[in-house]
Amino acid sequence: MTSRGRLRDARLTGAESAMLRRTAVRLGIQAGLIVAAIVTVLVGVTLAVVLHAEAEGTRSMLAAAVGRADGDVADAPANTWLVIDGPDGRRSTEGLPAGAADPEALARTARTGVAETHERDVNGAEYQIFTMRRGDTTVQGVLDLGPVRADRGHLLFSLLLVGGLGLVLAAGAGAVLGVRAVQPLANALSLQRRFVADASHELRTPLTLLTTRAQLLRRHLQRGHDHQAALADAESLVHDSDNLAAVLEDLLLAADPHAEGATEEIDLRVLASGVAAAGAAVAGARGVTVRAEGGEEPVVVRGAPVALRRALTALLDNAVRHAEQSVTVTVHAADRQAVVEVADDGPGLDPALEPRMFDRFSSAGGRSPDGRQRRFGIGLALVGEIVARHHGEVEALAAPGGGAAFRLTFPRHITGTSATPTNPSGSDQP
């Protein structure tokens, strides 16, 4: 099983996911209501302006038709009829609907000379009537409002349709904007949970080493007769404290998606030897021996020493916890690749877990082929992420003599000079 090339985000808890969903829905509803209010106001204003313009237009058209009437009732616009009452009698445009004309308005205007406009309902049909006196002749125009009302209905339907579509689009846009608005919060929560999980896991091994070193130092001091051993333990204690500070710094860099840590040339033989030596004390307390193997030729890669040490330490810690008697760390070069293998003689790997082995916590509680419990948590996920950052891959496989092995493969750095690579372990051991 291989993991390469991608980093996994920490998952949010159910409560956090529910909170973010509620926040997104709330923001979407608020945005939708705001846009709905704006659309409603705009539609209302548009409708009021259109209705006012329509009323003014019909009055102006009817007044113009009446003003142009010069004794000829046949010269009337469409859907308009003229009635002329003068000394020669009353004449009207052919086709005038029965009851549409208003004789009372004709009489009032003829008597007072005041023009008037009003609407008249005849058998369910609406008409607008304009009456005006011209000399000794009174002219009345009758406009059928049916087509105007039909156009108004079509306009109202169009406005409502557009407004409804606007509300639907506003709701959809609000939902999208809500999700986008809370996405930074989701990312922040994910990074926070990721950092807490990584820190709680990664600091466990250095703190365990510090505790073991301190206990050994106290034992030597209590005996009071092994000055060299006490001095060696004190130096190891200082070295492990420096490693702990470096791990914290690397965790902070890894938590920042925009940060790029410095890289340098690293001899994996020296790195693996230092990690094996540092973990030997804890392994010895469990009755497990740790052995580092490799050739004489430097196996150089380019990367972050602290991050690679974290990856090897996590694999070593996992191997020691499952080993029966021994753990072997092997470093060798293969063509243009640098390979590190950490193998133990404990229970093997459950094949069913291999596809999810490098996911955070998803493989916890698995069993080996012989039925014994073998647990994996966040450590292997961190190893996969670190290896991915270094453009490598990590592979889980069965150890040759039984047990489990994890193989890390990195692009090998070929140097053109004889310069000595950086010693990442802080030790003078080869």
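Buried means under 20% relative accessible area, exposed over 50%, and partly exposed in between (1.4 Å probe, protein chains only). This is a predicted model, where local features need pLDDT of at least 70, side-chain atom pairs count only at pLDDT 80 or more, and totals for chains, interfaces and linings use all residues. Residues are numbered from 1 along each chain as its sequence is written, and side-chain values use heavy atoms, with hydrogens and water left out.

**Exercise 1.** Classify Glu54 as buried or exposed, then list what Glu54 touches.

Step 1. Glu54 also has its place in helix 1.

Step 2. The relative accessibility of Glu54 is 17%, so Glu54 counts as buried.

Step 3. Leave out residues up to four places away in sequence: Glu54 then touches Val148, Arg149 and Arg152. Contact means heavy atoms within 4.5 Å.

**Exercise 2.** Locate Asn123 and state its phi.

Step 1. Asn123 lies in the loop between strand 4 (116-122) and strand 5 (125-134).

Step 2. Its phi is positive, about 55 degrees, although Asn123 is not a glycine.

Step 3. Asn123 counts as exposed because its relative accessibility is 80%.

**Exercise 3.** Do the corresponding steps for His391.

Step 1. His391 is in the loop between helix 8 (379-389) and strand 14 (393-398).

Step 2. His391, a residue other than glycine, has a positive phi near 60 degrees.

Step 3. With 69% relative accessibility, His391 counts as exposed.

Methods
Helix = DSSP H or I, 4+ residues; strand = E, 2+ residues; numbered from the N terminus.
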